[in-house]
Amino acid sequence: MTACSRPTCFAPESTCDLGFLDRAKCSEWKRPDEAAAAQDGSETDELLLPWSGSAIGLVDLAFIAGRTKPLVVGIVGAQNAGKTTLLAAWYLLVGRGLTGSDERRFAGSYSLAGWEAVASALRWRPGQQPNFPPHTSSRSGRAPGLLHLAFRTANGEVRGHTFTDAPGEWFQKWAVNREAVEGEGARWVAEHADVFLLVADREALSGPNKGSARGSLQILARRLVAERAGRPVALVWTKSDVAVAPEMEKAVRDAVLGPMPDAHEFSVSITASGDDATDTGQGLLELLNWTLEIRRERVSLPPVEAASPDPLFMFGAR
């Protein structure tokens with residue numbers, strides 16, 4: 001709960017939305033105790049950053065997109081399918097300097113605290129074994145939490161990416177009923193994502209409830225087919241070290257690759273593929289590289305037909 005009356009301002013956790021370094025001088029600030037402290041000259045001279053470092057919300061997107069609009073990566077899947085674990089594994093690999101390509105380098109993030117929150121469980125600490133990230137809460141909300149990463153290419157271009165971290169319950173409600181109230185956050189992902197990663201949980205597809213898991217994934221795939229509008233899609237098999245019956249794999253591939261033959265397919269796992277201490281899991285860097293190479297479609301404008309070379313009269317000329 002902030003002390004400012006403006007819905008887009010989160011002072012005192014971040015800097016003033018209107019740009020006041022001394023919050024007591026802001027007419028929207030509703031803290032008489034701080035105002036009195038400012039008059040006594042005992043206010044602090046600390047300068048807060050305009051972002052908290054936590055997962056990004058809708059209000060923060062305008063700030064993040066001030067330089068260039070980041071590419072939104074929508075990670076879609078059922079609950080406990082491994083969506084958050086995939087994000088955590090990527091973050092730890094990027095922290096080791098691995099970005100999926102030698103031509104790409106890490107260039108910053110506005111949500112490092114949010115990344116640490118999802119990745120801390122995977123870190124090894126003395127006396128504490130690594131664990132999986134906690135389940136993403138299915139809290140009500142209009143949009144998922146967004147985790148930001150920026151990369152610099154070999155030619156010096158900086159490209160930003162935001163990755164959605166949404167609970168699987170949202171997508172399950174949205175798959176059955178597009179207008180479901182509980183699926184509002186999933187609708188936001190479907191509307192704003194530039195690329196979709198459809199997660200298929202091999203552990204669920206081989207467990208005692210594999211029939212239900214297959215049916216839920218098929219319904220979700222049909223919903224994604226209707227909503228993708230030509231955007232890139234990847235079928236991501238998580239927990240690839242778990243064996244799945246060939247008939248089950250075929251049913252899932254038919255549901256995804258049948259109506260979307262241009263979709264790519266990846267198998268990933270955080271389980272080490274060897275005894276090397278530098279192991280990077282299975283398929284994680286390949287999927288990351290494919291995701292970061294995606295580009296938005298460019299719009300080609302028709303040439304301007306004008307007799308005058310003067311820019312003032314060039315447009316709108318008959």
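Accessible areas here come from the Shrake-Rupley method with a 1.4 Å probe, and for residues only the protein chains shown count as cover. On that basis, the protein chain has an accessible surface of about 17,700 Å². Carbon and sulfur atoms account for 53% of that surface.

This is a predicted model: local features need pLDDT of at least 70, side-chain atom pairs count only at pLDDT 80 or more, and totals for chains, interfaces and linings use all residues. Residues are numbered from 1 along each chain as its sequence is written, and side-chain values use heavy atoms, with hydrogens and water left out.

Start with the whole chain. The protein chain holds eleven helices and seven strands. Both are DSSP runs numbered from the N terminus: helices are H or I with at least four residues, strands E with at least two. Of its 318 residues, 40% are buried (under 20% relative accessible area, 1.4 Å probe, protein chains only). Now take contacts (heavy atoms within 4.5 Å) between residues at least 6 apart in sequence. Of these, 70% join residues at least 24 apart.

Next, look at strand β1, residues 71-76. Six of its six residues are buried. In a regular strand the side chains alternate between the two faces of the sheet. In β1, Leu-71, Val-73 and Ile-75 point one way. Val-72, Gly-74 and Val-76 point the other way.

What does β1 pair with? Pairing requires at least two DSSP bridges between two strands. β1 runs parallel to β4 (residues 158-165) over three bridges, and there Val-72 stands opposite Thr-162. β1 also pairs with β5 (residues 195-201), again in the parallel sense, over four bridges. Here Ile-75 stands opposite Leu-197.

How values were computed:
Buried means under 20% relative accessible area, exposed over 50%, partly exposed in between (1.4 Å probe, protein chains only).
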